[in-house]
Amino acid sequence: MIGPEQVQYIFTNSQDSICIISSTGELQYSNPAAEKLFGISAKEGVKIWEAIPYVEGNDDLIQLFIDAVLSKVDSQEAIVDYWNNEGEVRNIHVKMTHHKEDQSVYLVVITDLTQLFKVNSALVRYTSPDIADYALMTAEGQKSGGQTRNVTILMSDLRGFTALSARLSAEELIKVLNHYFEQMVAIIQKYRGTVIEFLGDGIFTVFGAPKDLPDHATLAVKCAVEMQSALREVNKWNEENGYPPLEMGIGINTGNAVVGNIGSEKKMKYGCMGSTVNITGRLEGLTIGGQIFITQSTKDKVTEELLIVSEGRFLPKGAPNDLDYFEIDGIGNMLLDNNRENKIVWKDDYKPEDCVFYFLEEKAVRETIHNGTFLKISENGRFALLKSESDLILKQNIMIRKDDECIYAKVIKTDSDAYTICFTSLPQIN
């Protein structure tokens, strides 16, 4: 049985601030941690709220003690900010309870959570709120290993980023990307997505892990629509600051994936892997700026009406069969608002111009040179009609060499005599 001396030893050496106050709020006992926190001792005979500096930031803490004492509540608990006499702010957890046998006194235990909040804040900035909570608050978050869960993966990527990188200084590029990421991540968090990582200029997001999210497919599609629409405001900011506009493609896929901590005991990261992830990456690569593609598995899981504008099939690397995909321009009452022009208006006075181009395999440029001719250029400079003796396929990525400039494009239509291409980095072609 624990005796009075042992209890006193525990109180004296506790890192928590422990006080005993009367039913009128007067301090009757305070351990060393409490005396350090408030800068007073019980010998001074003050009321506990009188020991708190009267600054605006301490209003909630003062009111917490006054309400508990005046209302004679059995217990009171809250997390509040506390500004000490040195002007430092502490994040504290306060719990007040009546003594079981003597209702005339309260036991007050105050835990300083400041360091934990700092760790959590850092984790949130370097990961995401859900991953931070998973790592700090769950048993699974403390050890390596994973589990298979049904999730929806969203991958977004900027078009023409390589060309953009060459045009901007390192400082300018980081500034543009940080502004873009800030807007996109806010939208992702709004729809309860978890950012797994930034892939250069791309964002890898999972819906449905680490926290369960029953309607993850619907939320992912809504998120994508808002992300594409928000790019207009991002580009308005870019224009005001003298930076080029951005275009983004998004791919979404639903299926089982392995999620959890990956790495060693010394260094781990929360990851998401499997064929569902790989297929999403392949699908996103088919898009041009302004497009959202979803797979059949996502379409089947969405619980609201989709506005589908086109559909197609593709064969992901390593997959045994072709998969259906759908281009969407809205979900429910949300419609895409990215000012993307689907109708091509060709220039009347354009003179055909010869060019050379290369095929792209993933991010790598193949060495073989192909010759072609631009037959037409659109009024907005976004599309071109390319004639070539080389065989191109739908959704093929190419790099065009013009003078000392590299221009990237994707084949969006194949005809018998020419190919319609969409520039993913805007060219200087008149």
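Biologist: How many salt bridges does the count come to?

Modeller: This is a predicted model, in which local features need pLDDT of at least 70 and side-chain atom pairs count only at pLDDT 80 or more, while totals for chains, interfaces and linings use all residues. Residues are numbered from 1 along each chain as its sequence is written, and side-chain values use heavy atoms, with hydrogens and water left out. A salt bridge here is a side-chain nitrogen of Lys or Arg within 4 Å of a carboxyl oxygen of Asp or Glu. By this rule the count comes to eight.

Biologist: Which residue meets Glu284 in a salt bridge at 2.6 Å, N to O?

Modeller: Helices (H or I, at least four residues) and strands (E, at least two) are DSSP runs, numbered from the N terminus. Glu284 lies in helix α9 (residues 275-284) and its partner in strand β6, so the pair ties together parts that are 125 residues apart in sequence. Asp157 is linked with both of these residues in a network of salt bridges. The residue that meets Glu284 at 2.6 Å is Arg159.

Biologist: Which side chain makes a polar contact of 3.2 Å with the side chain of Asn150?

Modeller: Asn150 lies in strand β6 (residues 145-159), and, leaving aside neighbours within four places in sequence, this residue is in contact (heavy atoms within 4.5 Å) with His216, Thr254, Gly255, Asn256 and Lys301. A polar contact is a pair of N or O atoms within 3.5 Å; within protein, one must be able to donate a hydrogen and the other to accept it, and residues adjacent in sequence count only if both atoms are side-chain atoms. The side chain of Asn256 makes such a contact with Asn150 at 3.4 Å, and the partner at 3.2 Å is His216.
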